[in-house]
Every structure is written in structure tokens, then in C-alpha cells.
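This report goes through one protein model, with attention to its aromatic pairs, its salt bridges and its surface.

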Amino acid sequence: LAQVFFRMDGASRKSGRRQRHSRSQEVCAPVPPSRGDAEELAEFASKWDQVAHSESTSADYYFNSYAHFGIHEDMLKDSVRTGNYMRAIMNNSHLFEGKTVLDVGSGTGILCLFAAKAGAAKVIGVECSEIVRTAEAVRDANGFRDVITYIQGKVEEVTLPVDKVDIIVSEWMGYFLLYESMLDTVLFARDKWLADGGLLFPDRAMLYLGAIEDEEFKEQKIGYWDHVWGFDFSAVKRSVMQEPLVDFVEETAVITSSCCILDLDLRTCTIKDTDFAARFKLFVKRKDFCHALVGWFDVSFNACHVPVTFTTAPSGKTTHWKQTVFYLENVMRCHKTDMIAGLIAVRKNAKNPRDLDVKLQYQHCDSAGKSRAQACTQFFRMR
């Protein structure tokens, strides 16, 4: 009799929900167990020694969440993400041949595998979660045991078997580029271990803002709280407004030009650069209402012979990063050539640095820059 063990770790997903269909089902009544059955059931229920990762808990939400396979499945299936990393590495094997490579936050080890296949002499993957055990099994199954070494722990605390590395690869980006991102860790690794003239994959990231018409979904998401089963839930509505929505935005919803609010050169930027403030100007492209601002990012591998770039914009192919929507309290009635101008400030939350505080000030102006409405300031927190 074969026995199979499963574990439900409570990993959540923000997409891919399956609809439930109502249908008649034949329901069987439970069979009362005999004494022998009861003993067998008790014995079966008492043995859990083969459960994989049985020592893992959700106490450390961030790192342990990456021990859940569903998260890695979503990332591996993201063809924009994984495909562009593969092209950047595999199509530039001359950069990796014989080199020592460090993968920061290696996960299941896909970037380590790409680097090893591209000819790296030694690949070191540092991963804090227990998924590293699975990565080791994948490494062995693909014949790279002598090339790839995994170290479990925080990058800031581990000791590498080498003094310097030639290349650092990492998929560090989070929602809105910086939410729960590993950029601080990548910069720590760069400053400590990257050799002079070493390369970073990727080496540039740019964060953008645009504006969208989104009346229908804003009403579903925000307006819902005005009346909930006959009660006033407006207190909840105020809290919901402060939490940006991570979701897919249709290209047709975008009503303005875009504006770059952050341009990071990973070769030279510092941790201080990730807390920033910037001005933005968005030029309206059609007559429409504006209900929200939306953020996305681009990433580039400029060390490549032919630079590789991918975008998470509404105009691009969908990615697991989606886009980040900031709903505005004031709906703007915009005309073509109008402008939405303002300021944005982003900082790590003081209590939880993986959360982001966002401050937005925006004003609706005509084409001459004359204000059509009073400037408004809103605060958001990504958590």
C-alpha cells in the first residue's frame, strides 16, 4: 500500500482562483469504523515522520513564505521573468565561462542552473528558506553537484567559500519594484564580494507612473464599503484606500503618458537611493476620467553583448509582478493635453522595512499648466 504525505502551509496567491460551479453531487454516508478500522486509522493518523520540511513554520513570514512551492511555480512559469534571465545568461556564455557566480536569493536554483550551463566554473546560491533542500536535489538531478554550491542563511550573515565573485545574479524585484524586494541584500553582496570590474545581472531598474480610468473596479473595490449589509463601513473604506492594489491593468485603461520616477544603476546606487522623492508629469492622451495612478518597472541587463530588457508595464506581456494601483480620493475629469503633475515619496516602513510607505501629491492642470483643481495629498502603505 503506497502512502503519500502532503502539507498545507497556508501560502496565499493573489491570482489563479478557480471558480466554483454548482452541481448536484451524490453524497455517501460515512461508514462507521469497526474496532480494527479504528486502530488502523489511529495508527495512520499518528505517523507523520515522512512529511517534507516538517520543521518549517510560518513564524518568519517573509523568508518562510518562499519555502512554499506555489510561489516558485508562479515565478518559474512567468515567461517574461524566467525567459529574459535565461536569454541574458545563456546568450552571453562568454561572460560566464570559467567565472565564479553568486546568486542572491537562489530559490529553486533556476538562475544557478542557467549560470552553470553557460559554463561558470563555480556557482554559489544563497537562500534563506528551506527550499534550498529542494534546489540541491534539482542540482544533483541535472549533474551540477560539482559546480553549484548552496548555502542556507541570510546573505548578511553567511560566509562564502571564496573571497570574491565575478558575477552576481539575482531576481530581487518586488511589487512596485521595491516592495519586499531584496535590493538591499544585493547591494550588500555587491559591496562585500563583487570583484573589481565584476558584473551584475541585471544592472539597471526603472520605476514608472501612469494614470488610468478604472471606475468599475474602483467601485467594486472601494465603493463597496459605503454600505455593507445595511451598515456604514466607511471606516474600513478609509483603510482600504490606503492599501495599493496589485493587479493586472489593461493597456486600454491607461489615459496618460508615463513618467520615470526612479532610475537605479545597480553598479553604483546605494541603499539610501531606495528611499526617494521625485516629481512627475503625466500628459493626458484622451478625454476621460482618472481614478488612479499606476506603477510598474523595467529591468535591463546592459552587460550583455546585446542588452536584454523586459517590462512589467500594462502594454507588455503579463508577469507575476502585475501592476500597482493607487486609487485617488478625487476623480479627475480630464481632457486631451491636460496634465496631472505632482510629487511622490517612497520610503521603507520604520517598523517593517520590507513594507513601503508611499506619499502622493497630485494636481490636475490644463495644457498651459493652470490648475483645474486644488492639489491633493494621499498616503499609502504596501504591506
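Is Phe 297 buried or exposed? With a relative accessibility of 1%, Phe 297 counts as buried. The model is a predicted one, and the sections below place this residue among the other elements.

## Overall architecture

The protein has ten helices and 15 strands, and of its 383 residues 47% are buried. Among the contacts with a separation of 6 or more, 75% are accounted for by residues 24 or more positions apart. The accessible surface comes to about 21400 Å², and carbon and sulfur atoms contribute 51% of that area.

## Aromatic pairs

A search of the whole structure finds twelve aromatic pairs. One of them joins Phe 176 and Phe 326 in an edge-to-face arrangement, with 5.2 Å from centre to centre and 70° between the planes. Phe 176 belongs to the loop between strand S4 (165-169) and helix H8 (183-193), while Phe 326 sits in strand S12 (residues 323-334), so this pair ties together parts that are 150 residues apart in sequence. Both Phe 176 and Phe 326 are buried.

The rings of Phe 297 and Trp 321 also form a pair, and because their planes stand at 75°, with the centres 5.3 Å apart, the pair is edge-to-face. Phe 297 lies in strand S10 (residues 288-301) and Trp 321 in the loop between strand S11 (308-311) and S12, so the parts tied together here are 24 residues apart in sequence. Elsewhere, Tyr 85, Phe 96, Phe 201 and Phe 301 form one aromatic cluster.

## Salt bridges

The whole structure holds 16 salt bridges. In one of these, Arg 381 is joined to Asp 357, the closest N and O atoms being 2.8 Å apart. Since Arg 381 lies in strand S15 (residues 376-382) and Asp 357 in strand S14 (residues 356-365), the pair ties together parts that are 24 residues apart in sequence. Arg 381 is partly exposed, with a relative accessible area of 31%, whereas Asp 357 counts as buried at 10% relative accessibility.

Another salt bridge brings together the side chains of Arg 139 and Asp 140, at 2.8 Å from N to O. Here Arg 139 is buried, with a relative accessible area of 8%, and Asp 140 is partly exposed at 35%. Together with Arg 145, these two residues are linked in a network of salt bridges. The side chains of Asp 265 and Arg 267 likewise meet in a salt bridge, at 3.0 Å from N to O, where Asp 265 counts as partly exposed at 23% relative accessibility and Arg 267 is exposed, with a relative accessible area of 54%.

## Surroundings of Thr 100

Thr 100 lies in strand S1 (residues 100-104) and is buried, with a relative accessible area of 15%. When neighbours within four places in sequence are left aside, the residues in contact with Thr 100 are Lys 122, Ile 124, Val 162, Lys 164, Val 165, Asp 166 and Ile 167.

## A nonpolar surface patch

Tyr 224, Trp 229, Phe 231 and Phe 233 make a nonpolar surface patch of about 540 Å². Of these residues, Tyr 224 is found in the loop between helix H9 (215-221) and helix H10 (234-241), and Tyr 224 counts as partly exposed at 41% relative accessibility.

Definitions and conventions:
Residues numbered from 1 in each chain as written. Predicted model: local features only at pLDDT ≥ 70, side-chain atom pairs only at ≥ 80, totals over all residues. Heavy atoms only, no water. Patch = residues over 30% accessible without salt bridge, like charges linked within 9 Å, V, L, I, M, F, W, Y side chains within 5 Å. Areas by Shrake-Rupley, 256 points an atom, 1.4 Å probe, with all protein chains shown as cover. Salt bridge = Lys/Arg side-chain N within 4 Å of Asp/Glu carboxyl O. Helix = DSSP H or I, 4+ residues; strand = E, 2+ residues; numbered from the N terminus. Buried < 20%, exposed > 50% of the residue type's maximum accessible area, 1.4 Å probe, protein only. Contact = heavy atoms within 4.5 Å. Phe/Tyr/Trp six-rings, centres within 6.5 Å; stacked < 30°, edge-to-face > 60°.
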